[in-house]
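Please look over the sequence and the model below before reading on.

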Amino acid sequence: MFVNRRITALAALAAAVPLALAACSGGSEAPAQPSGPVTLTWWHNGTTDPIKTVWEKVVADYQKAHPDVTIKAQPLQNEDFSTKVPLALQSAEPPDIYQSWGAGDLASQITSGKVADITGDTKDWIEQATGKFGEKWQVDGKQYGVPFTQHFVGFWYRKDLFQQAGITTPPKTMDELNAAVAALKAKGIAPISVGGKDRWPDAFYYNYFAIRECSTAVLQQSVKAVKLEDPCWTRAGQDLKNFLATEPFQTGFAGTPAQQGAGSSAGLVANGKAAMELQGDWEPGTMSSLTEDKDLESKIGWFPFPTVAGGQGDPAAVLGGGDGYACTTRASKACTAFLQYLVSEPVQTELSAKGTGLPVNAVAAKALKTDVLRQVYDYGTKAPYLQMYFDRAFPTAVGAALNDAVANMFAGQGTPEGIVTAVNQAAAGNK
């Protein structure tokens with residue numbers, strides 16, 4: 001009965017949202033929009049359950065309420081967006097809705113001229129639905145996208161494997177993390193898994209060492225200037241080099257994917273083959289699709305990235321970001337109406353209840369399915385500073401250069417100074 005009431009509520013809201021949007025639309029001029037029935041192509045990264053099924057139901061509900069709207073969803077692997085989206089935005093027919101992580105990445109995309117300015121169509125509801133977080137999908141004060149989940153990165157760990165290694169409390173300092181790595185190794189347990197094949201998981205480590213080494217003011221100034229000048233950025237690289245020297249990762253980590261299959265880094269933790277992984281709050285949902293263990297939920301815990309001795313950063317600052325969508329210009333009003341539906345309370349509640357991410361709509365937080373997810377949500381939303389992943393905060397080419405330089409260090413070929421140089425050279429070439 002509860003599920004039926006939720007479906008009814010979703011369907012009713014699906015009908016109501018575009019009516020409200022039509023009443024409040026306005027603002028900057030936009031290209032002529034399709035009249036009559038419209039078909040929207042939607043690129044998202046929900047390739048596995050639980051979010052795959054949630055999106056399928058969202059589409060069905062929305063189309064039922066709006067017979068004149070057809071949504072053709074095309075799930076893509078997360079790692080494919082970095083190449084497919086830029087190519088699509090240079091084509092004659094880009095998707096009408098595509099996954100966007102906001103910030104500098106989105107700023108790079110709008111130069112294509114294909115991304116719609118949806119400021120006028122979102123101004124009356126976006127702050128109520130997403131709080132200040134929606135501003136991360138703005139460029140120069142204009143709204144170019146809408147987030148539907150927010151994310152915070154930390155260590156997910158197996159309580160049972162920690163217990164086997166005699167680790168009684170999660171590490172709070174780097175010294176304690178290094179001690180935990182040694183204890184797990186002594187028991188023949190891979191301490192930490194990482195999806196080195198996909199590169200972006202490697203970057204989380206450098207990101208966090210920078211957040212711990214650099215003051216909030218330096219982080220903000222460096223992102224704004226797209227330039228790494230403070231010595232803290234090199235110290236972050238040295239911290240990473242020192243951590244890599246402890247050999248904390250599984251054998252063959254450079255060839256391990258992050259999320260695809262039981263042998264991925266998430267799958268290794270899910271199946272008890274590794275004790276920890278530094279990942280976002282999507283990790284439980286990802287792991288659940290990669291194991292047959294029905295008791296996994298009770299075995300998983302979470303802790304923030306440890307403090308770094310002598311660092312100038314706020315020890316409670318958190319790395320994160322969010323998932324969202326941007327609209328291209330062909331049918332931006334129909335697209336924006338659909339995005340408003342995605343941040344409505346019923347849809348946000350459904351996403352939270354299924355463990356697909358942390359809601360941007362605060363009223364849905366009560367539906368988070370586990371105590372651990374509520375712990376992550378509370379930690380992240382109360383953190384004194386949220387630093388968006390640097391590969392998203394910086395322009396696309398600069399973020400890619402950072403990830404490549406960090407991956408080189410993971411492969412034993414890079415240096416702390418080389419990371420800084422790679423970013424600054426990419427930034428100079430991006431101007």
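Between domain 1 and domain 2 the count is 1 salt bridge, a term that stands for a side-chain nitrogen of Lys or Arg within 4 Å of a carboxyl oxygen of Asp or Glu. The side chains that meet in a salt bridge are those of Asp 105 and Arg 392, at 2.6 Å from N to O. This is a predicted model, in which local features need pLDDT of at least 70 and side-chain atom pairs count only at pLDDT 80 or more, while totals for chains, interfaces and linings use all residues. Residues are numbered from 1 along each chain as its sequence is written, and side-chain values use heavy atoms, with hydrogens and water left out.

- The protein chain is divided into domain 1 (38–147 + 323–359) and domain 2 (153–320 + 389–430), with bounds that come from an automatic or database domain assignment.
- The C-alpha centres of domain 1 and domain 2 lie 27 Å apart, and 15 residues of domain 1 are in contact (heavy atoms within 4.5 Å) with 13 residues of domain 2.
- About 1100 Å² is buried between domain 1 and domain 2, and carbon and sulfur atoms give 46% of that area; buried area here is the accessible area (1.4 Å probe) that two parts lose on being put together, summed over both.
- On the side of domain 1, Glu 79, Trp 101 and Asp 105 lose the most area to domain 2, together 38% of what that side buries.
- Helix 4 (residues 103–110) gives the most to the side of domain 1 that touches domain 2, with 4 residues; helices (H or I, at least four residues) are DSSP runs, numbered from the N terminus.

- Helix 9 (residues 200–213) is largely enclosed by the rest of the structure, because 14 of its 14 residues are buried, buried meaning under 20% relative accessible area (1.4 Å probe, protein chains only).
- With 14 residues, helix 9 reaches 20 Å from its first C-alpha to its last, close to the 20 Å expected at 1.5 Å a residue, where the expected span is 1.5 Å times one less than the number of residues.
- Helix 15 (residues 332–342) has 9 of its 11 residues buried, so helix 15 too is largely enclosed by the rest of the structure; among the buried residues are Cys 335, Phe 338 and Tyr 341.

**Three buried residues**

- Cys 232 is in helix 11 (residues 232–244) and is buried, with a relative accessible area of 1%; leaving aside neighbours within four places in sequence, Cys 232 is in contact with Glu 213, Cys 214 and Val 218.
- Gln 348, in helix 16 (residues 345–353), is buried with a relative accessible area of 1%, and its side chain reaches the backbone oxygen of Leu 342 at 3.2 Å.
- Ile 118 lies in the loop between helix 4 and helix 5 (119–122) and is buried, with a relative accessible area of 1%; beyond neighbours within four places in sequence, its contacts include Tyr 144, Cys 327 and Thr 336.

Definitions and conventions
Buried < 20%, exposed > 50% of the residue type's maximum accessible area, 1.4 Å probe, protein only. Helix = DSSP H or I, 4+ residues; strand = E, 2+ residues; numbered from the N terminus. Polar contact = N/O pair within 3.5 Å; in protein donor to acceptor, adjacent residues only side chain to side chain.
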